Amino acid sequence: MTADKTASIQVEDVTVRYNNGHLAIYDVSFELTGGTTCALVGVNGSGKSTLFKSLMGLVKPQQGKIHLCGYPIQQALKRNLIAYVPQSEEVDWQFPVSVYDVVMMGRYGYMNFLRIPSAIDKQKVLQAMQRVNIEHLAHRQIGELSGGQKKRVFLARALAQQSKVILLDEPFTGVDVQTENAIIELLGQLRLEGHLILVSTHNLGSVPDFCDQVVMINRTIIATGPTETTFNQHNLEKVFGGVLRHIKLLGRDLHDDEDNRSVTVLTDDERPAVFYGQTKNDPPAPIVKNCCLEGSCKKGNESC
Ligand SMILES: Nc1ncnc2c1ncn2[C@@H]1O[C@H](COP(=O)(O)OP(=O)(O)OP(=O)(O)O)[C@@H](O)[C@H]1O
């Protein structure tokens, strides 16, 4: 079965309450269309994974409607319209399967109940592995891989699935700068190919580099729209509870890797504007380094 409608996500008034009574998200509404990479940002526990699970039909909203490419979720799943790259913590890495087997799972929706791969399935799996540079790992057990390699395996599974909508839950956690850049480049290519990519991330610094849209969530939608106009200090403070106020980090000592970007305070106001870029003269982007967003700066900087 192939996708036969344009990529889109429509979420209307969705509310999810877990069995223990916890109201995880409420009245969530937003719409996205193909050829878009959208960041889903919010603090820990703000409902990002719950939203992803709702989009995948893994949790059932008490209220609201979700349509993917114009179809209700179950129909969209049957048509292979949506692929999911889960958070690493949600995968059982001890499960005895090889990299090849995991990527082949992306083809299950194209097979009959015997699950015997066709020549096309094998070709798509090989192409997907090549695209994320893991073909040399094909016969390794997934539990033996590094964090970055594991991410690539699940990206390859999503590629093999050939879905129009791709959800990525924190793809940059535990990966080095090279892998992060490789993933960002791949997402850029997929966007140009017309895919709709929704990616949850705590790496706020890179959001403007690769996302043209943002959905900002704190159990309900705080703001949604083009990154340029929506991903600003006002909305970031609303989403992160005002913890951006005191950031005054400067220079290369922010980074413990090859990332040489710097954060510069451009004004001396009581609530300084913080900009993130290669040099002071870069066009300002209202971005802050994420190590300081949750109240405990990794560098022990008192200003955080
Ligand atoms: N299975 C569950 N049963 C009950 N409550 C849950 C369940 N899963 C998540 N929650 C709660 O729902 C809320 C939203 O969790 P969720 O995992 O969606 O947040 P998140 O934004 O993805 O967080 P993080 O950034 O830490 O991954 C949290 O308060 C969490 O404790």
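Visitor: In S5, which residue is the bridge partner of His67?
Guide: This is a predicted model: local features need pLDDT of at least 70, side-chain atom pairs count only at pLDDT 80 or more, and totals for chains, interfaces and linings use all residues. Residues are numbered from 1 along each chain as its sequence is written. Strand S4 (residues 63-68) runs antiparallel to S5. In S5, His67 has as its bridge partner Pro72.

Visitor: How many bridges join S4 to S5?
Guide: Two strands pair if DSSP finds at least two bridges between them. For S4 and S5, the number of bridges is 2.

Visitor: Which strands stand at the edges of the sheet?
Guide: The sheet is open, has 4 strands and pairs antiparallel, in the order S2-S1-S4-S5. An edge strand here has a single partner, so one side is left without a neighbour in the sheet. The edges are strand S2 (23-33) and strand S5 (71-72).

Visitor: How many helices and strands does the protein have?
Guide: Both are DSSP runs, numbered from the N terminus: helices are H or I, at least four residues, and strands are E, at least two. The protein comes to 9 helices and 12 strands.
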